[in-house]
Amino acid sequence: MPAFDDGLAETEIPAGATVETDVLIVGSGPAGGAAALSLAALGVPNIMITKYRWTANTPRAHITNQRAMEIFRDFGIEDQVLADATGHALVGDTVFCTSIAGEEIGRILTWGTSPAREADYQQASPCLICDIPQTYLEPILVKNATARGTQTRFSTEYLSHDQDASGVTTTVRDRLTGQVYHIRSKYLIGADGARSLVAEHIGLPFEGQMDIAGSMNITFKADISRYVAARPSVLYWVIQPGSNVGGIGAGLVRMIRPWNEWLIVWGYDIAQPPPEVSADKAAEIVRNLVGVPDLEVEVTGTSLWGNNEYFATRLQRQRVFCAGDAVHRHPPSNGLGSNTSVQDSYNLAWKLAAVLRGQAGPDLLETYSAERAPVARQIVTRANKSSREFVQFFEVLGLLDAETEEEMRAQIEERKANNPRGRAKREALVAAMELKNYEFNAHGVELGQFYQSSAVVGDGSQRPAPARDPELYYQASTVPGSHLPHAWVGDALSKVSTLDLAPYGTFTLITGIAGEPWAAAAATVSADLGVPVKTVIIGPGRAVTDIYYDWARLREVGEDGVLLVRPDKFIGWRSMSLPADPARALGDALAALLSR
Ligand SMILES: Cc1cc2nc3c(=O)[nH]c(=O)nc-3n(C[C@H](O)[C@H](O)[C@H](O)COP(=O)(O)OP(=O)(O)OC[C@H]3O[C@@H](n4cnc5c(N)ncnc54)[C@H](O)[C@@H]3O)c2cc1C
């Protein structure tokens, strides 16, 4: 896709001046970086500002799910992400223990690494979950967005904005010089995180509560490969009596780089003053959780953050939109925050591009809230439920009743006893471990978004009832509003995903050999509406073959039917068979979808 030149590349901005662009993005985190990259990929002039001199300084997000990876694949940066990531095979042996070198209470294969679940994950997507810390992901997004045309301004702070019928004037401060200037844009995206000023300034309606629990991060370097070599994982949950920080005494030791760079997350009572943690104290906590009293450790940082249960029920006001943590704020459980932030922007950017180019009516933009606000609600609810469900784990171990360290130790020890209490505890532990699948293998939550909005033109069919638990299992479908199912297709020389057939820069029609007249219909509609519509015919002897016959099982429509795939890979409309006038059917559907 073309880069563009908005003429700003070498300019100095005088104080009080007004700079112009199509879209201004506030924030360069996963939401802002993905918005900039998506817009730049579509050739939409955009400026991305961020308050600090560089990207994230703490490695918060790391679990990167299949939908986010598919987006990176679409933009041709999947390899760059994988090059900096810990791969799928090493991310999954999540451990519960009394310390990393100490006793193990149990393990669960997570993020689709269990043989029982791996097939679900592999069948659903061309990409697998990997682990890339936010400190590594953000530079990749920012670099690629900037290389493709985004004007990125670090150390630039959003102060306020005013919007009118034709655009938004935003006041920003250059934090190096103190200069205040204005950026005039047609649209503004607030991707400014969980303390979003933009969301506050447009008065978005929220439900829930901020700061329901406190967490402390300690980052450190220590080579602990020998304790994790047999069970490589990114998450080690430590249930440790005797620790003098934090309520119940559970901490998380999380891998940043295998296996010598780590992050500890420790809960504290947010009603109390935040714990004071000196470097020595932090090193002591590290040694306790790792369980090696003389461990050589370099503490690299500590920070505090709040857990929230807070989501916006509307994500925009006229020309101003919010994405990412600005509109969904929740604990890291289920690893959904950054992933959802990237997907918000991917949903919004193609709509902005279509409206800016005059290909869609402005009402298309309303579908951003209609489609993404339910996702915000869903993930905030799920992450908080998962976080609370840890209590069940402590309960079955008997830790909630224990008053002293000795009692806690005895309760954990009791699971080994050959007596009725020991047996009951072992049985209860099986159930508690099973429950954690809703946090660590919630494939349906990760992939199963379904959109209902005017950018989805229904065909009268209902979304199929889930055959299995919809939170744990993703169920592919082509009912409009579903994500395009993945199948491997191609020919003897190349194997591609069906997702690769539908790139971000266009609408795509997917049909079979009996549906060849759809190609002419697409050309007609494309010319009439001025909207690119590409046709892919899947079948033997055509450019794309259904090599495993999987697509025939997944497509649900007849061989002469069609799927209209939106740029963001959601099915915008489908026809079960070839109608008498395919151009008319397609034209009507596309015009409705685009609010024309
Ligand atoms: C310990 C931890 C672990 C996590 N693990 C995962 C995980 O495994 N997977 C996952 O998907 N998510 C995870 N998350 C969540 C993830 O970090 C967030 O959801 C994600 O960072 C949200 O991205 P964002 O771009 O919306 O906001 P942020 O990353 O918070 O970015 C906000 C941006 O806005 C900028 N900004 C703010 N105010 C202004 C202003 N006034 N002017 C200019 N710029 C401004 C900031 O500089 C920053 O660039 C985790 C979070 C934590 C705390």
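Begin by selecting Ala 35, which, leaving aside its neighbours within four places in sequence, is in contact with Ile 25, Ile 189, Ala 191, Ala 323, Ser 345, Leu 348 and Ala 349; two residues are in contact if their C-beta atoms, placed from the backbone, lie within 7 Å. The model is a predicted one, in which local features need pLDDT of at least 70 and side-chain atom pairs count only at pLDDT 80 or more, while totals for chains, interfaces and linings use all residues. Residues are numbered from 1 along each chain as its sequence is written.

Ala 35 also belongs to the largest nonpolar core, a set of 156 residues in which Ala 35, Ile 189 and Leu 564 have the most contacts. A nonpolar core is a set of buried Ala, Val, Leu, Ile, Met, Phe, Trp, Tyr and Cys residues joined through C-beta atoms within 7 Å, and a residue is buried if 20 or more other C-beta atoms lie within 10 Å of its own, exposed if 12 or fewer, and partly exposed in between, with C-beta atoms placed from the backbone.

Next, select the ligand and the 34 residues around it, of which Gly 27, Gly 29, Gly 193, Gly 324 and Gly 337 come nearest; a residue is counted as near when its C-beta atom, placed from the backbone, lies within 6 Å. Helix H1 (30–41), strand E8 (156–163) and helix H9 (337–356) each supply at least two residues of this shell, and H9 gives the most, with four residues. Helices (H or I, at least four residues) and strands (E, at least two) are DSSP runs, numbered from the N terminus.

From E8, follow the chain through a hairpin of four connecting residues to E9. Strand E9 (residues 168–174) runs antiparallel to E8, and seven bridges join them; strands pair if DSSP finds at least two bridges between them. Within this pair, Gln 163 stands opposite Val 168 in E9.

Now select strand E1 (residues 18–26), which pairs in the parallel sense with strand E10 (residues 180–190) over eight bridges, the bridge partner of Thr 18 in E10 being His 182. E1 is also joined by four bridges to strand E2 (residues 46–49), again running parallel, and there Val 26 has Ile 49 as its bridge partner.

A further stop is the open sheet of eight strands in the order E5-E4-E12-E13-E14-E11-E15-E18, whose pairing is mixed. Strand E5 (104–109) and strand E18 (328–329) stand at its edges with a single partner strand each, so one side of each is left without a neighbour in the sheet.

Then move to helix H11 (residues 390–397), where the buried residues are Phe 390, Phe 393, Phe 394, Val 396 and Leu 397. They cover an arc of only 165° around the axis, which puts them on the same side of H11; the arc is that of the directions from the helix axis to the C-beta atoms. What covers them includes strand E12 (235–239), helix H10 (366–388), helix H12 (405–413) and helix H13 (420–435).

Finish with two tryptophans in loops. Trp 111, in the loop between E5 and helix H4 (115–124), has a positive phi of about 55° although it is not a glycine, and Trp 111 counts as buried, with 28 C-beta neighbours inside 10 Å.
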